[in-house]
Amino acid sequence: WLFAWVAKMSVRYRVNYPFILDLDPATTLHWKEIFTLGAYWCSAWLWTYCIFTLQVKHGVIVISPNLIPTALIPCIFMVVSLLSAFCPFNIMYRHTRWWILRQVGEVMCSPFVAVTFASNFIGDYLTSLVKALIDVQFSICFYASGSWRTLD
């Protein structure tokens, strides 16, 4: 959402953000497309959260536990999110996804490579996402350890 807002304000105030962030002008997403992607992912997360909460807290069976164990519903969302980020096929704006992953790689290697404005920009986003990334780390450990099997 924040990147879409930055893109919208850049267009509004005539800042050439594709040039500044070293994006390919032929494949740069318009701010409306970025907002749409954010809305789709937030809707998918909200549906996942509602289904999981209804089944755990209220006992409403939305998806049969025989089909998919209730504790795996958030894990499935995380796996689908990761698979869509690393999808090698030319769907879902592959060029933009690979640009983001390349910038994250440059942020991780920043002591050894030249820092660009784009990698600094993505590094700033990652700094803002510390709490969420810690939750992702906890979730990975939770599912990898098998602790989800002992939940009631």
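The model is predicted: local features require pLDDT of at least 70 and side-chain atom pairs pLDDT 80 or more, while totals for chains, interfaces and linings use all residues. Residues are numbered from 1 along each chain as its sequence is written, and side-chain values use heavy atoms, without hydrogens and water.

**Exercise 1. Overall form**

Determine how many helices and strands the chain has, and in which order the elements run.

Solution. Helices (H or I, at least four residues) and strands (E, at least two) are DSSP runs, numbered from the N terminus. The chain has 7 helices and 0 strands. From the N terminus, the order is accordingly α-α-α-α-α-α-α.

Solution. The C-alpha trace spans about 55 × 35 × 30 Å along its principal axes.

**Exercise 2. Burial and surface**

State what percentage of the residues count as buried and what the accessible surface comes to.

Solution. Buried means under 20% relative accessible area, exposed over 50%, and partly exposed in between (1.4 Å probe, protein chains only). By this criterion, 26% of the 152 residues are buried. The accessible surface (Shrake-Rupley method, 1.4 Å probe) is about 10900 Å², with 69% belonging to carbon and sulfur atoms.

**Exercise 3. Helices H3 and H6**

Compare the reach of each helix with its expected span.

Solution. The expected span is 1.5 Å times one less than the number of residues. Helix H3 (residues 31-57) has 27 residues and reaches 38 Å from first to last C-alpha, close to the expected 39 Å. Helix H6 (residues 117-128) has 12 residues and reaches 17 Å, close to the expected 16 Å.

Then identify buried residues in both helices.

Solution. In H3 the buried residues include Trp31, Ile34, Phe35 and Gly38. In H6 they include Ala118, Ser119, Phe121 and Ile122. An α-helix has 3.6 residues a turn, so residues three or four places apart point the same way.

**Exercise 4. Ser43**

Solution. Ser43 lies in helix H3. Its relative accessible area is 36%, so Ser43 is partly exposed. The C-alpha atoms of Ser43 and Ser119, 76 residues apart along the chain, are separated by 28 Å.
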